[in-house]
Structure formats: C-alpha cells, structure tokens
Amino acid sequence: MSQYYDVGDQTLWNPSNSASRLFMTQVTAHQAEVGLPSGIGPMEADECQIDPVVFAAFVNALLAWHGRTGHAVMVALSEGFVATTLVLAERANIEVNWQAVEGAERDDLPMTSDPHARGRTAALRQTTRELARHMPA
C-alpha cells in the first residue's frame, strides 16, 4: 500500500503508508514551529493534493527557520523533514530561497551570524539530493 502526494495531475511522491503517516505528523509539528500552513492537504483515499503557492511559502519559511536555529537537537530532529520537503518542492518546480538560510542568523544568538550556516546548507543540499533517490514519484 502507498499514498500519493500530488500537485494537480503530477505525482511528486508515492511513499509507503507508514512513511506517509510519519511525514504527515511532522507536517503538523513544523507548521506550528513555522507558524504557516504547509499547503499539504488532507490524505483522502490515499491521495493528497499540495497547493503549490502555499507550499512554496511554507518551504521557504521552513528553510529559513531551519537555518536560523542554533539548537543542535532541533537541527538534527528537523533535517530529514526539511530535506523531504525540499525534494517535493524541487519536483513541483518551486524556487527555493537558499540565500535566506545561508545568511540566516541563529535564534539563540540573534546578533551573531552562524559561522556554520554555509556548511549546514551544503550538507542539507547533499542530504536532499541523496534522499530524492529514495523517494519514488
């Protein structure tokens, strides 16, 4: 069994039910952190529509939020979800604002730029590329 994440007639991802369930749980958690709706609709009859306009705003806000956090545990907990959303955004031809995360300031030190932000961004880009190979469309 599997589920479908679609934009219109285009399937972006076709994960197993268990992977989809975990992803949807994380959608809810990250919407609360970012303070924006994700644009990922409800799963109905194993299909979910994604609103590309709302999703684009969410992905860019999520990426900026991820880049700002200096909390190592939050970075670790969110990295897989962020990478998964970036794969979906890429497949939906959504332009991602990587500059927002590369120059982001950490939440815990608002006046100090994170010297590791570029390194984290490069690692996140690599994780996203690798993850894309394991996400059937």
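Modeller: Helices, of at least four residues, and strands, of at least two, are DSSP runs numbered from the N terminus, and they are applied here to a predicted model.

Colleague: How many helices and strands does the protein chain have?

Modeller: Read along the sequence, the protein chain follows the pattern β-β-α-β-α-α-α-α. Counted by element, that chain has five helices and three strands.

Colleague: Where does H3 bend?

Modeller: Helix H3 covers residues 72-91, and its 20 residues reach 29 Å from the first C-alpha to the last, close to the 28 Å expected at 1.5 Å a residue. Its buried residues include Val 75, Phe 81 and Leu 88, and the helix is followed by Asn 93, whose phi is positive, near 60 degrees. The bend in H3, of about 40 degrees, is at Ser 78.

Colleague: Is His 66 buried or exposed?

Modeller: His 66 has its place in helix H2, residues 52-68. Leaving aside neighbours within four places in sequence, His 66 is in contact with Val 75, Ser 78, Glu 79, Val 82, Arg 120 and Leu 124, and among these Val 75, Ser 78 and Val 82 are buried residues of H3. Because its relative accessibility is 4% and the cut-off for burial is under 20%, His 66 counts as buried.

Colleague: How far apart in space are Leu 12 and Ile 50, C-alpha to C-alpha?

Modeller: Leu 12 is found in strand S2, residues 10-13, and counts as buried because its relative accessibility is 0%. Once neighbours within four places in sequence are left aside, the contacts of Leu 12 include Ile 50, Leu 88, Arg 91 and Pro 136. Leu 12 and Ile 50 are 38 residues apart in sequence, and from C-alpha to C-alpha their separation in space is 9.4 Å.

Colleague: Which residues do ring pairs link into a cluster?

Modeller: Two rings pair if their centres lie within 6.5 Å, and by this rule the count comes to four aromatic pairs. The cluster linked by ring pairs is made of Tyr 5, Trp 13, Phe 23 and Phe 81.

Colleague: Which residue lies over the face of Trp 98?

Modeller: A charge sits over a ring if CZ of Arg is within 6 Å of the ring centre and within 35 degrees of the ring normal. At 4.1 Å from the ring centre of Trp 98, the residue lying over its face is Arg 125.

Colleague: What percentage of the 137 residues in the protein chain do buried residues make up?

Modeller: The accessible surface of the protein chain comes to about 7300 Å², with 55% of it belonging to carbon and sulfur atoms. Of the 137 residues in the protein chain, the buried share is 41%.

Definitions and conventions. Residues numbered from 1 in each chain as written. Predicted model: local features only at pLDDT ≥ 70, side-chain atom pairs only at ≥ 80, totals over all residues. Heavy atoms only, no water. Phe/Tyr/Trp six-rings, centres within 6.5 Å; stacked < 30°, edge-to-face > 60°. Buried < 20%, exposed > 50% of the residue type's maximum accessible area, 1.4 Å probe, protein only. Areas by Shrake-Rupley, 256 points an atom, 1.4 Å probe, with all protein chains shown as cover. Expected span 1.5 Å × (residues − 1). Bend = angle between axes of the 7 residues up to and from the residue. Contact = heavy atoms within 4.5 Å.
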